[in-house]
Amino acid sequence: MVKDKLPIAFCSMPALSTNRVLANARTRWVSVRTKTLLRFGGLTTALLLTVTSPLAARAELFNSSLERLPVAERVALRSGKVVVTGDRGRYVAKVLVKASPDVVWSVLTDYTNLSKFLPNVVSSRLIEAQGNRKVVEQVDVRQVFLVSRRSRFRTENIETAKKRIDFRLLEGDVKTLQGYWQIDPVATHPGAPVTQVLLTQDITAEPGTGTPKGLFYNLFRSGLNESLTAISQEIGRRTLQATAHHAQPQTSPTSSF
């Protein structure tokens, strides 16, 4: 009986050893394959990142605020129109101008000359200037049902050079007046020089005591359209002026002998 069992036991031992060897071999193979895949996977990922990163960067660069607007707004802006959205005291007004950010900035910050190009503004003056903080007083006169109405505003303006101006009412004839101007450079395609600027005014306004809200909101909205149209025209005028100045031939002084 013992003799019968010995072969069984003897044969089973090599079989067990063989299984373990195969299992160990499979484990090592999987380990090596995993490391190889990870190594090549990492290399592939690195290569993909190297190839796609510039494209992604260019796509992000061209993902301008203009391109993110609804199609109807983009079409209107590119045709030279002012786009005003919103109601009930909260508005966003936009205009696309062919100019440099420098020229647009020069118009927005020309606080003492606003009355020269803005409709209904009869006077404006710089009250205080401390670094990027400017306090401006502005007087408007509007015709409402054959009656001339005079309004005074004093605002605080915080400037982020050639990019943005945040403003808020300090005192005046309205209850609320606050918002910001935003300057967004626009190129025709990725890598191209900036040839246009999307100018945006985001503003919230509430009338003072005694002024019907419906009338105020309607006048204010139409006033935004008029103001941005006037600002666009002033930007265009200054751009032409700057272009003409640079186009003038530079004459060198002549010396006499």
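In the predicted model, strands β6 (residues 164-172) and β7 (residues 174-187) are paired in the antiparallel sense, with five bridges between them. Within this region, arginine 168 lies opposite glutamine 178 of β7. Helix α2, which spans residues 71-78, packs on the sheet and touches β1, β2 (90-97) and β8 (194-207). The direction of α2 makes about 50 degrees with that of β2. Helix α3 (residues 101-108) also packs on the sheet, where its contacts are with β2, β5 (147-160), β6, β7 and β8. An angle of about 165 degrees separates the direction of α3 from that of β7.

The sheet itself is open and consists of eight strands in the order β1-β2-β8-β7-β6-β5-β4-β3, with antiparallel pairing. Its edges are formed by β1 (83-87) and β3 (121-130), each of which pairs on one side only. On average, and with direction ignored, neighbouring strands of the sheet are turned by 20 degrees against each other. In total, the secondary structure of the protein comprises four helices and eight strands. Along the sequence, these elements follow the pattern α-α-β-β-α-β-β-β-β-β-β-α.

At one end of the strand order, β1 and β2 pair in the antiparallel sense over five bridges. Threonine 85 stands opposite valine 92 of β2. Two residues lie between the strands of the β1 and β2 hairpin, in which arginine 88 adopts a positive phi near 55 degrees.

The buried residues of helix α2 include Glu73, Arg74, Ala76 and Leu77. Viewed down the axis of α2, its buried residues fall within an arc of 165 degrees and therefore line one face of the helix. These buried residues pack against β1, β2 and β8. The face of α2 turned away from the buried side carries Val71, Ala72 and Val75, which are exposed. Glycine 80 follows α2 and has a positive phi, near 95 degrees.

Threonine 200 is located in strand β8. With a relative accessibility of 9%, this residue counts as buried because the value is under the 20% cut-off. Apart from residues up to four places away in sequence, threonine 200 touches Val92, Ala93, Lys94, Tyr180, Trp181 and Gln182. Threonine 200 and valine 95 are 105 residues apart in sequence, while the distance between their C-alpha atoms is 6.7 Å. Over the whole protein, 48% of the contacts with a separation of 6 or more are between residues 24 or more positions apart. Of the 257 residues of the protein, 33% count as buried.

The largest pocket has a volume of about 980 Å³. It is lined by 38 residues, of which Gln138, Asp140, Arg142, Phe153 and Phe220 are the closest to its centre. At least two lining residues are supplied by each of α3, β4 (133-144), β5, β6, β7, β8 and α4 (213-247). The largest share of the lining, eight residues, is contributed by α4.

Conventions. Residues are numbered from 1 along each chain as its sequence is written. This is a predicted model: local features need pLDDT of at least 70, side-chain atom pairs count only at pLDDT 80 or more; totals for chains, interfaces and linings use all residues. Side-chain values use heavy atoms; hydrogens and water are left out. Two strands pair if DSSP finds at least two bridges between them. Axes are lines fitted to C-alpha atoms, for helices over the stretch in contact, and angles run from 0 to 180 degrees between N-to-C directions. Contact means heavy atoms within 4.5 Å. Buried means under 20% relative accessible area, exposed over 50%, partly exposed in between (1.4 Å probe, protein chains only). The arc is that of the directions from the helix axis to the C-beta atoms. On a 1 Å grid over the protein atoms alone, a cavity is a set of points where a 1.4 Å probe fits but cannot get out, and a pocket is an open set with protein on both sides within 12 Å along at least five of seven lines; lining residues have an atom within 4 Å of a point. Grid points are joined across faces, edges and corners, and a volume is the space filled by probe spheres set on the points.
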